[in-house]
Every structure is written in C-alpha cells, then in structure tokens.
Amino acid sequence: MFKRLALVSLLLVTLVATMVLSFSAPTIQAQGDATPAPTATPIVAEIGSGGGIHISFWNGLTGSDGVTLNEMLAKFAQDNPDISVTVEMIIWNTLYQKLQTAFVAGEEPDVFLLHASEIPQFGSFGVLRDLGDQYTSGGGWLADDDISATTMSGMMYDDTIYGIPLDNHGRGLWINTDMFDAAGISTDPATAPTTFEGWVELFQKLTLDGNGNNALSPEFDAENVVQWGYTVGEWPNVNFIAALYQHGGTFLSEDGKEVTINSEAGIAALQQEIDLVYKYHVSPPSAGFDTWQGFGAGTVAVLPTGTWYRNQSLLQTDINSTAWPNWQFGPQKATWFGAHTFMIPVDLKGEKLDAVLKMIQFVSENQVDWAASGQVPARLSAQEALDPATYPSNILLGQTFSEYGVQDPRSTVTQEMLTYLDAELSAALNGMKDAKTALDDAAERMQEALDRG
Amino acid sequence: MLGINARLARPKWLALLPSPSLRTREAIAAYLFLTPFLIFFSIFFLRAVVKAVDFSFYDWRLLRRTIPYIGFDNYRELLDDEIWWIALRNTVQFAAMTVAGTTIVALAAAIAVTQPIRGQGFFRVLLYMPSLFSVGAVGLIWVWLLSTQFGVINYGLSFFGIHPINWLGDPDLVLPALSLTTIWWGFGFPMLIFIAGLQGIPDHLFEAAKIDGANGWQIFSHITVPLLRPTILFVTVTGVIAQFQAFGQPYIITNGGPGRASYTVIYYLYQMAWVAFRMGYGAAVAVTIAIIIAAITAVQFVLIGRRVEY
C-alpha cells in the first residue's frame, strides 16, 4: 500500500513540479503593454482574382518583408485585373532545394526570387532566362545606370544578365540606446569606433555581470554575465567575410580558382571574433545563444544583424534601439551585403512571360515601397527618393553598401563552400579549434568543392 | 448455404492440373493477401532502394546535364572523408546513449504503470503523449527547455547555485542533450511494448518467487528480465534502427553544431545531397548507412537473440 502511494505521489509531484517550473520560468520579452502583436507572414498568398493569366511566384521572404512584397503585388493585381499571382514563401534553404527538384520535374514556378550569389549556380545549369533585353542596353525598360556597378555585376554569369535586382540587404548593427545611455556612450553613429581596440572597449563598457560590474572592472565576474555587449553568433560567415576584407583578405583568388580564406588576413579576422568571446568576455559563444531573443529581452547591447531587422525592431520588441553601420575591426572598412533578385525560368514563354515581366517591372518601378521591408531598394533613383525620417536605417546602411560593401563569393558552388565554412567557424567560435586550424580545414574542403565545380 | 470450400471450388479447367497440396494452397492464399502490399512496396520503396544503389555509382548533381559513371569512387571518397567518420562516431554514441536510456526509462515506466495504482490509465496516456508529437514540435520545445538564456532546466538549476549550462553549445554536452530529448520523445512506444511483455508473464511465477522469499530485485532480475528478453530484443533492435537515422533533432535543435559535434550520418547525408546537391555521393552515404544498420542488427540478434526464450 505504501509503495503504491509513494509511486502515485512521485508521478504527481513530477507532473506538478514540471508545470510550476514552466509557468514560473523567465519570459522572453521584457514585460510591457506597448509591444504589438506580430504580423504573421502567410506561407501561400493568393493575390488578385483575375480569371485570365495566373502567375506562380516563389520566394524566401518568410519575415515581415514577405508582407511588404505581397502588399505591393496586391497593388499590381489591382492595376492589372487580368493577372493573378500565387506567392509561396519558403524558407531560403528549402527554397534552393525545392527549386532544383521542381526544375527536374518540370514543375518550376513562373518567377522566383533568389540571392544574386546563386546566379552562377543556376546560370550554369542553363535553367535561367537571359534578362538582358529588359535593360536599356538591350532595348528594355530598366536603365543600366540606375543600378550600382557592384549590384549589376552580381546579376551576371558568363557575360549574360540573369537577374533583375529588387534590393540590397546587408549587415548593420542594432544598438540598445538605453544601455548606451546607461554606460555613458553616445548613440550617434558618427562616434562609432574605427579600430578593434575601440570596439572592444565599447563592448566592455556594455557587458555587465550580476553585480553590475562592467567588463573593464577588475571585479568583473565573467562566469555570471547578465548583459552582453555583443554577440558573435549572428550569422558568423557574414561577420567573417566583412572582417576578412577589412584586413585586406579575399575569399577567392582573383581568377576564382583558389580559396584564400586561410590567409594571414583571414586568421587575424577570425582571431578577433574568438577573442571577443574567450579573451574579453564581451560575447557568449556562438552556439546555444539566441541573438534576436537576447536583444529583444534586453540582454544584448549591440546586435550584429542587418537591414531586415528594421520591422522587428519597430514592431516586435519594446527595446529602444537604432541602427549603426557595421563595425570596423580591421584597417579598412568593409561590410557584407547581398541582393534579392528576380529570375525567370528559361522555358517560360508567351503571355505568361509577358505577365511576369509586367509584374517585375511594376515592383521595380515602385521600389520605394519596398523600403518598408527594411531593405534598401536596388535602384539608385529609389534610394535617393527615400524619406530620411521614415527610412533612416535603409539610408544609413544603404550608403555603407555603396561605399564599401562586399558580397558572397561568386561561384557555382557557393552554397556548398559556405556550408563547410559555417561548420568550421562554429568550431572556432565555440572553443573547439583555433583560428588557423579552423580556416585551414574549411579551406581544404572548400577547395575540393571548387575543384569539383 | 455455400461453405468456404464450395466458394473456393476449383474451376473445371484447373481440374486438368495436378491438385495442389493444402500447404501450397495456403501459401498461394497468403501471397495473394500480400500482393497489394508487395505492389506498393515494389513501386514506392524497392524501386527507390535499387535506384539509390544505382545512383551511388554516378557523379550525379541534380540539375547538371551530364551524369558521369564513376564506379566506386563515391565509396572510396567516403572512406577518406573525415566528416563522415565524425558523423559516424557521433551517431554511434548518440544511438548507444539513446537506445540504452530509452530501454531503461521505458521499462521503468512500464513497471510503474502496470502496478495496481489509482489513475493507472491517466499515467499511461500522460507518459505516452510525447510520442505523439512531431519532431519539429519536440525540437522547439527542447530548444526552449535547454536554452541558456530562458530555459526551464537552467532556471531550476539556478536554485542550487549552478550557473546556466550551455547544453546545446558545449561539444561535450550536446549529444547527451539531444539524447535526453529523444528519450523523452520516444520512450512511450517501447513502454507500451514492455507493458504488453509484462502482462504476458504468468502471475504464478511471481507468486512462487515471493513464497520462496525472493525480494523485489531478485524477482526483477531473475524472472522479469529473462522473460522480457524477446521484448528487450525487439525494443533495442528497432531502437538502433531508428536512432541511427536520427535527423530531425540535430537539424532543428543544433544544426549539427557546435562545429560538427552533433552531426549524425543522416544529417551528413542531407548536407551532401540537399545542400551540396551531390546526389550520387549522398546515395553512397545512404547505402553505407543501410549496410551498417543491417550489420548492427545482425550482431544484436546474435548477442541478445540467442539468449531469448520465446
């Protein structure tokens, strides 16, 4: 009898303890009434009710940027009642996979959005339509000189233009202005440090332990940090690419045939990131730490994120924050950016092709509206038309992309190479490998991929 | 009224053939029942297996126009592939921890819920419930539970003065953490199997042992475990097969990290086939995994199966 009672009691106590712990655990968001409910992005959106031409459009805009694009497409459908659009928003990595299988099966969409860095891969497969005829140099509507030379170069593979750029999106910092004020640091981006040592000091002032000591204090307890100055875990390969170029390094050799990330510049760049974690204790290791949640909960002072964070910052946290340009850890400035790009399957023909081109032209000519997504419109004329009061982060970060932006390497195996790099960066930023070993190992695998082509 | 023999009476033209034996007729009937399954199995599974073996001899990229035959080159590369060996080592560790943990927890839970206690049905349902969740839901739940920043587990440990532990970021802890997740998720089904096994042990054996003065542990080790060996064999064999194919947990919870500390062989297969789009190499990985699982299953049958009393 006693055993039975003990058994039932044990099971019930376990159940109750689990529930109590669940309910009493700390919540993610700082409490506040001002936080509005997040807007869900529909995974499939049916836009327009026209019974005429129907377009299928795949993209990876699963965040609030998807909502912005769908609103633009709704205006297009209103102006073109004979055209309707089914938009499928698929997380980027899955989109790459789904596109490849769709092409094999002959079930590809009529138009899709990818990053410019994927153009060499899909271009080499011969599945993309040449879009040179859409630019004024080919007799089309899009002025070549309305796209920056850097962005334009990303649209090409083997001297053929395969893309029409929608935006430039890239790295920028979001800073918690309340934490800056508390630490006595100016929030004016013009006052940002220009050396690694300067940034370390800034992060140290912003990193606090449970006793309120910052990381410059001799009493600082690195085992009990409650507020991080920085976080290295936010998309590490983007940070690495920026730091690599800041130190004068390159991703690939000039002829694109040799991986050069394990140069002295690369090792110096990665070592700085490692030091932020293990030497200066101003960032948690990259794994096991949710950077966005950390920033949203007020435990991270400087979030290295990007243009896409604008709406997250405005709508989904109650943190007072503002955008800063990317850090400068090396002797020269560099920041990473990419471009969302429209592409069309090579086999699309007839009135459907006309409808797709009409839709792309509409979105391109209304790119100012696209700035509401947080991204920087690709057309220079649209960038100039942005209202500074409404779009400060787009303008600030857009200027850095134009002035010193660098992009992903251009190769038919970029995704594969970045996969190898990601794993090695993760090993280095979690104390499993030193910078040189990690980059040597990554370079070896990446070179094999590059050689296979 | 027509009897079954009348309904199964042979057509006249068949009378010209020698009459099949009862055994043959039963075999024909059995295969006829199996036929629908075999048709679907052949179309949707066997054909895919044969194609996968075939693909493993080609350098097949999904959209590339040429698919060169390269013989055993994919297999040779696999044997020299450092990441493959890391993934295999991780998988063996993960499967060993998870199968052992699942078997122990499931057996303990089965014994607990077969006791004549109040609310027996409620506890059976409660303990089985995690098995009903998808791996996506389980992954998200455990990312939160194990979180360094907001996790309930670290929150509980903080009452004992323990600083937050980076369960998913520490290379030494990540596999045990994924294993713990999987045990919680997966012990419900083996628990049901053990309940059935326990109910199949005749009560008089326990009663006789009690009369002879055996204590609880002696009854468990000398009666319960030996008579559950067929069940234990089933649970461990199916467990190894399942855990060798673990994918959703590292994919959703850790992305294979930190570094490659939680790469499993199926995660690596996914990376090769669906990130690098090296389908031929991915097929070689898949075939090799199948061979390894078959070999381990055979060893399990030899080691545990020969001591099984059916």
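In which loop of chain A does A:His281 lie? The model is predicted: local features need pLDDT of at least 70, side-chain atom pairs count only at pLDDT 80 or more, and totals for chains, interfaces and linings use all residues. Residues are numbered from 1 along each chain as its sequence is written, and chains are lettered from A and ligands numbered from 1 in the order in which they are written.

**View 1. Overall fold of chain A.** Chain A holds 17 helices and 16 strands; helices (H or I, at least four residues) and strands (E, at least two) are DSSP runs, numbered from the N terminus. Its radius of gyration, taken over C-alpha atoms, is 24 Å, close to the 22 Å that the globule rule gives for 453 residues, so chain A is as compact as a globular protein of that length. The globule rule is 2.2 Å times the number of residues to the power 0.38. The C-alpha trace of chain A spans about 75 × 65 × 50 Å along its principal axes. Of the 453 residues, 51% count as buried, meaning that 20 or more other C-beta atoms lie within 10 Å of the residue's own; exposed means 12 or fewer, and partly exposed in between, with C-beta atoms placed from the backbone.

**View 2. Contact between chain A and chain B.** The contact takes 34 residues from chain A and 32 residues from chain B, where two residues are in contact if their C-beta atoms, placed from the backbone, lie within 7 Å. On the side of chain B that touches chain A, α7 (152-158) and α14 (265-275) each supply at least two residues. That side has 16 nonpolar, 13 polar and 3 charged residues. Here Ala, Val, Leu, Ile, Met, Phe, Trp, Tyr, Cys and Pro count as nonpolar, Asp, Glu, Lys and Arg as charged, and the others, Gly among them, as polar.

**View 3. Loop holding A:His281.** A:His281 lies between α9 (264-278) and α10 (291-296) of chain A. Its phi is near 55 degrees, a positive value in a residue other than glycine. A:His281 counts as buried because it has 21 C-beta neighbours inside 10 Å.

**View 4. Loop holding A:Asp158.** A:Asp158 is found in the loop between β5 (156-157) and β6 (160-161) of chain A. Although A:Asp158 is not a glycine, it has a positive phi of about 55 degrees. With 8 C-beta neighbours inside 10 Å, A:Asp158 counts as exposed.

**View 5. Cis peptide bond in chain B.** The bond from B:Gly257 to B:Pro258 is cis, with omega near 0 degrees. B:Pro258 lies in the loop between α13 (248-254) and α14 of chain B.
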